[in-house]
Amino acid sequence: MTVHSLLGYALTVPDLEAGRRFYRDFGLVPRVDRDRLVMGCAAGDADPVSLTPGSGRRLHYVRFGVAPSEQAALRRRIEAAGARIVDPPQSESNAAFAVRDPDDNLIVVTPCEKAKFLDRRREMADREAAHLHRTGGRGCPPRDMIVQPWRLGHILLFTPDVDRQIAFYSHALGMRLSDRSGEIIAFLRTAGGSDHHVVAFAKSDRPGYHHASFEVGGVDQVGFGAANLLHKGWKNGWGFGRHVIGSNYFHYVRDPWNSLAEYFFDIDYIADDAQWQARDWPADDSLYLWGPDVPADFVQNFDAPAR
Ligand SMILES: [Fe+2]
């Protein structure tokens, strides 16, 4: 009994309109749902992001899925790990329950079947590869190419205690450590076959929200999507490059509140029966293989201390 996937995340933000513009430019499709703004992927995840009004930008909650048949057992597992079960937010009417992690982040658990995405990912990879065999056609995509992420891949949160978060997400939620770099950062996946990470934790003096990452259909879409955002006046985060841990191509752009949204392509996938060995990577060989130098503010925690 484990959570099987990351379903989404919710932020409170001081300006819903700024959020709507940013995520629309990023390629998601906004819709109003009562007093909140929900972002969908045009051809993929239903509502991975929701924004509700608040005095500052903060993580409101994270949503994970559990198989309906495992819901009760997962709840018992979480309680046995000593965590506090709480009521889910009213906006999450399908949720079974919620729990506070050791940093007081609200984790919402929703019963649903695990989404299958590998076939579609392979289709996209095959299309990329086929394109390289062209003879007599032009390879450069059109200038009006539309970049629309098709799924949420992962989120990264700050924490004052990386080991404590690894312990909670492993023991209470049944996730697995994929890789880490000392006490600085750790990457966890879900059991049962998963991207290399669906959640990661980076060391800070306080909890915070760092970034969310969305999958696009190719290398061009990572680069072109970010170039479009910069052209529209959004601030660069970091990229274009290739990560070492997780292996994905990446480009991060700053959202209106100094957190980051990432486009990714070609992340490692770890099958349930894979002989995967989690490594403890040296800090200077963990972040990227190539790309621009890491900006000084890339791992800065812009979240205010909890009141
Ligand atoms: Fe990422």
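The count of salt bridges comes to 25, where a salt bridge is a side-chain nitrogen of Lys or Arg within 4 Å of a carboxyl oxygen of Asp or Glu. The structure is a predicted model, in which local features need pLDDT of at least 70 and side-chain atom pairs count only at pLDDT 80 or more, while totals for chains, interfaces and linings use all residues. Residues are numbered from 1 along each chain as its sequence is written, and side-chain values use heavy atoms, with hydrogens and water left out.

**Salt bridges**

- Arginine 121 pairs with glutamate 215 in a salt bridge whose closest N and O atoms are 2.8 Å apart; the pair links distant parts of the chain, 94 residues apart, with arginine 121 in helix 3 (residues 118-131) and glutamate 215 in strand 14 (residues 208-215).
- Helices (H or I, at least four residues) and strands (E, at least two) are DSSP runs numbered from the N terminus.
- Arginine 121 is buried at 13% relative accessibility, and glutamate 215 is buried at 2%, where buried means under 20% relative accessible area, exposed over 50% and partly exposed in between (1.4 Å probe, protein chains only).
- Aspartate 297 and arginine 254 meet in a salt bridge at 3.5 Å, N to O; aspartate 297 lies in the segment after strand 20 (288-290) and arginine 254 in strand 16, so the pair ties together parts that are 43 residues apart in sequence.
- Of these two partners, aspartate 297 is partly exposed at 22% relative accessibility, whereas arginine 254 is buried at 3%.
- Salt bridges that share partners join Asp33, Arg34, Arg36, Arg63 and Glu92 into one network.

**Aspartate 255**

- Aspartate 255 lies in the loop between strand 16 (249-254) and strand 17 (260-265).
- This residue is buried yet has no salt bridge, the nearest side chain of opposite charge being arginine 57 at 4.9 Å; for charge, Lys and Arg count as positive and Asp and Glu as negative, with His and the chain ends not counted.
- A polar atom of the aspartate 255 side chain lies 2.8 Å from the backbone nitrogen of tryptophan 257, and the side chain also reaches the backbone nitrogen of asparagine 258 at 3.2 Å.

**Cavity lining**

- The largest cavity is lined by Arg57, Phe158, Tyr209, His210, Arg254, Asn258, Ser259, Gln300, Phe302 and Asp303; a cavity is a set of points on a 1 Å grid over the protein atoms alone where a 1.4 Å probe fits but cannot get out, and lining residues have an atom within 4 Å of a point.

How values were computed: On a 1 Å grid over the protein atoms alone, a cavity is a set of points where a 1.4 Å probe fits but cannot get out, and a pocket is an open set with protein on both sides within 12 Å along at least five of seven lines; lining residues have an atom within 4 Å of a point. A polar contact is a pair of N or O atoms within 3.5 Å; within protein, one must be able to donate a hydrogen and the other to accept it, and residues adjacent in sequence count only if both atoms are side-chain atoms.
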